[in-house]
Amino acid sequence: MALLSKLATNEQHGENSPYFDGWKAYDNDPFHLVNNPNGVIQMGLAENQLSFDLIEEWIKRNPKASICTTEGMESFRTIANFQDYHGLPEFRSAIAKFMEKTRGSRVKFDPERVVMAGGATGANETLMFCLADPGDAFLVPSPYYPGFNRDLRWRTGVQLLPISCKSSNSFKITIEALKEAYENAQQANVKVKGLILTNPSNPLGTTLDRDTLKNLLTFTNEHNIHLVCDEIYATTVFDAPQFVSIAEIITNDEVTNRCINKDLVHIVYSLSKDMGFPGFRVGIVYSFNDDVVNCARKMSSFGLVSTQTQHIIAAMLSDDEFVEEFLIESAKRLRKRHEKFTGGLEEVGIKCLKSNAGLFCWMDLRPLLKEPTHDGEVTLWKLIINDVKLNVSPGSSFNCPETGWFRVCFANIDDQTVDIALVRIRMFVDGNNDVKENGVAKEKQHWKRSNLRLSFSNGKYDENVMSLNMMSPNSPIPHSPLVRARN
């Protein structure tokens, strides 16, 4: 007799993909500037750690925002006992105000429509439970975030149907591709309940323009299906064009506003990427449908944000001067880091998809594939993980329809570690070029002869430098056969 349920033991979580295997490789051998300089550098985790100093300075200036300080102790009893699943009114108001600010103050958000969830993961799953039954499907442009398999499918029983996007079109979604995916589902007797968009895109780092959003919104309304917009990277836009929220389309466009059924439009938001707070688990469902708001709020009982977190977030996001400074400086730092990393890649002949947002690059390694197949991509990925010691994520884990594309994150490490990663990449590319010129098909052996060790004898690095030995936010999971154990 089975001791565990089918839900608990099914394979829909997605933990066996190379995306999560890369995290395991890092956890087994984490890079540290001093203690383990030859370890795996974590470039598979989309975290925004470039502006933490601004937040730390705000906390120092505002000790009353925490109930665990002498200055804030007077609020301790009230906050500790508050358990209304609507959330603190000041928290919902601050979130709505911040969402307005991060969208250029071009649209208003109603605090009464702000529903809490345990991060974007909880928000996405909550929406699926509200909008679909097991076996129903949502269309999603590919490549798409690997965690969607866990967030949207695992416990809900919902299917994800990829909309194939091509590199020849910079992986932009087209109405033709959307129609094809929808019609294929109809022919297969699969009930399509909606379309899911990530804007800005993970893994592409691109934003959807106004006309595209209008066309996609028109399509979903004509077919009476939902449109879910995951906007968790809204403030990571560091270059033109500016971010356009779906809320702006349905609120400010007069023609669209008259023709569109707002009940079919929903937004997922969080503070994990924009503020760099993944550990706070602040996820938001914002729906224009009253019934969805009410149902999602009841379901939120299973994944509330702690009142202590609500309290400090409400204070921080209500500080207009701080928010303005943070948004401007964060964008500057993201732009600088993006230019530094992509510039380093270009020096060794590696191109990336042109992007203007996100905490990552969509890196084109097709010229390094031994063969343009899935197996060829996995072989290259294993080489990069095990020998180059960089955790990057292969396109196949993002359901990319083309081989040879990799997502590499650049905002979760410091400048010195970026420099080391670029040195490793240069050594790897130069080694491959030498092998190709000599006509010898022994890339791995050639790379292993290269010395990864970098000299720290000049005293440039010391133990005060930010440690990269940061555990990824996944709980310990069994070792994967795709990743070697640490020697």
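**View 1. Helix H12 lies across strands S2, S7 and S8.** H12 runs at about 35° to S2; axes are lines fitted to C-alpha atoms, for helices over the stretch in contact, and angles run from 0 to 180 degrees between N-to-C directions. Contact means heavy atoms within 4.5 Å. Helices (H or I, at least four residues) and strands (E, at least two) are DSSP runs, numbered from the N terminus. This is a predicted model, in which local features need pLDDT of at least 70 and side-chain atom pairs count only at pLDDT 80 or more, while totals for chains, interfaces and linings use all residues. Residues are numbered from 1 along each chain as its sequence is written, and side-chain values use heavy atoms, with hydrogens and water left out.

**View 2. Seven strands form an open sheet with mixed pairing.** The order is S2-S8-S7-S6-S5-S3-S4; two strands pair if DSSP finds at least two bridges between them. S2 and S4 (159-164) stand at the edges with a single partner strand each, so one side of each has no neighbour in the sheet. Neighbouring strands are turned by 25° against each other on average, direction ignored.

**View 3. Strands S3 (residues 137-142) and S5 (residues 192-198) pair in the parallel sense.** Three bridges join this pair. Alanine 137 stands opposite valine 192 in S5.

**View 4. Asparagine 124 sits in helix H6 (residues 119-131).** Asparagine 124 counts as buried because its relative accessibility is 2%; buried means under 20% relative accessible area, exposed over 50%, partly exposed in between (1.4 Å probe, protein chains only). Leaving aside residues up to four places away in sequence, asparagine 124 touches Phe148, Asp151, Leu152, Asp230 and Val268.
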